[in-house]
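Hi,

Here is the structure we talked about handing over. Please open it and keep it beside you as you read. My notes follow below.

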Amino acid sequence: MRVTIITGPFLPVPTAPCGAVERIWHELAGEFAAQGHQVAMLCRDHETQSRNETVDGIQFLRRTRFKRSRH
C-alpha cells in the first residue's frame with residue numbers, strides 16, 4: 001500500500017527539533033515502512049536536513065518553511 005503523510009507547516013519531523021505530533025507521525029511512518037508499505041512524508045524544510053531523502057524506507061519530501069505568526 002502507498003501511504004502519504006502530510007504534516008503541518010510549522011515544525012519539521014525528526015531528527016530536527018519537532019513537536020509531539022510530528023514525532024508520532026514519524027514513528028507511525030516507520031511502522032508502516034517496516035511492514036513493507038511505500039511511505040512518503042511531506043513535511044517542513046529544515047536547514048540541517050536535505051530536501052529529499054529516503055531514510056529507513058521513508059521518503060521525506062521537505063518543502064518551504066513557513067513563518068509562524070501570533071494570529
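**Charges**

In the protein, 10 positive and 7 negative charges have mean positions that lie 11 Å apart. Please keep in mind that this is a predicted model.

**Fold**

The protein has 1 helix and 4 strands. Along the sequence, they come in the pattern β-α-β-β-β. Of the contacts with a separation of 6 or more, 44% are between residues 24 or more positions apart.

**Size and surface**

The C-alpha atoms fill a box of roughly 40 × 20 × 20 Å along the principal axes. How does the radius of gyration of the protein compare with that of a compact globule? A compact globule of 71 residues would have a value near 11 Å, and the protein has 12 Å, so the two agree.

The accessible surface of the protein is about 5100 Å². Carbon and sulfur atoms hold 54% of that surface. Buried residues account for 32% of the 71 residues.

**One residue to look at**

Find Ala34. This residue sits in helix 1, which covers residues 20-34. Is Ala34 buried or exposed? Its relative accessibility is 66%, and exposed means over 50%, so Ala34 counts as exposed.

Now go from Ala34 to Arg51. The two residues are 17 residues apart along the chain. Their C-alpha atoms are separated by 23 Å.

Best wishes

Terms used:
Residues are numbered from 1 along each chain as its sequence is written. This is a predicted model: local features need pLDDT of at least 70, side-chain atom pairs count only at pLDDT 80 or more; totals for chains, interfaces and linings use all residues. Side-chain values use heavy atoms; hydrogens and water are left out. Helices (H or I, at least four residues) and strands (E, at least two) are DSSP runs, numbered from the N terminus. Buried means under 20% relative accessible area, exposed over 50%, partly exposed in between (1.4 Å probe, protein chains only). The radius of gyration is taken over C-alpha atoms; the globule rule is 2.2 Å times the number of residues to the power 0.38. Contact means heavy atoms within 4.5 Å. Accessible areas come from the Shrake-Rupley method with a 1.4 Å probe; for residues, only the protein chains shown count as cover. Lys and Arg count as positive and Asp and Glu as negative; His and the chain ends are not counted. The place of a charge is taken as NZ of Lys, CZ of Arg, CG of Asp or CD of Glu.
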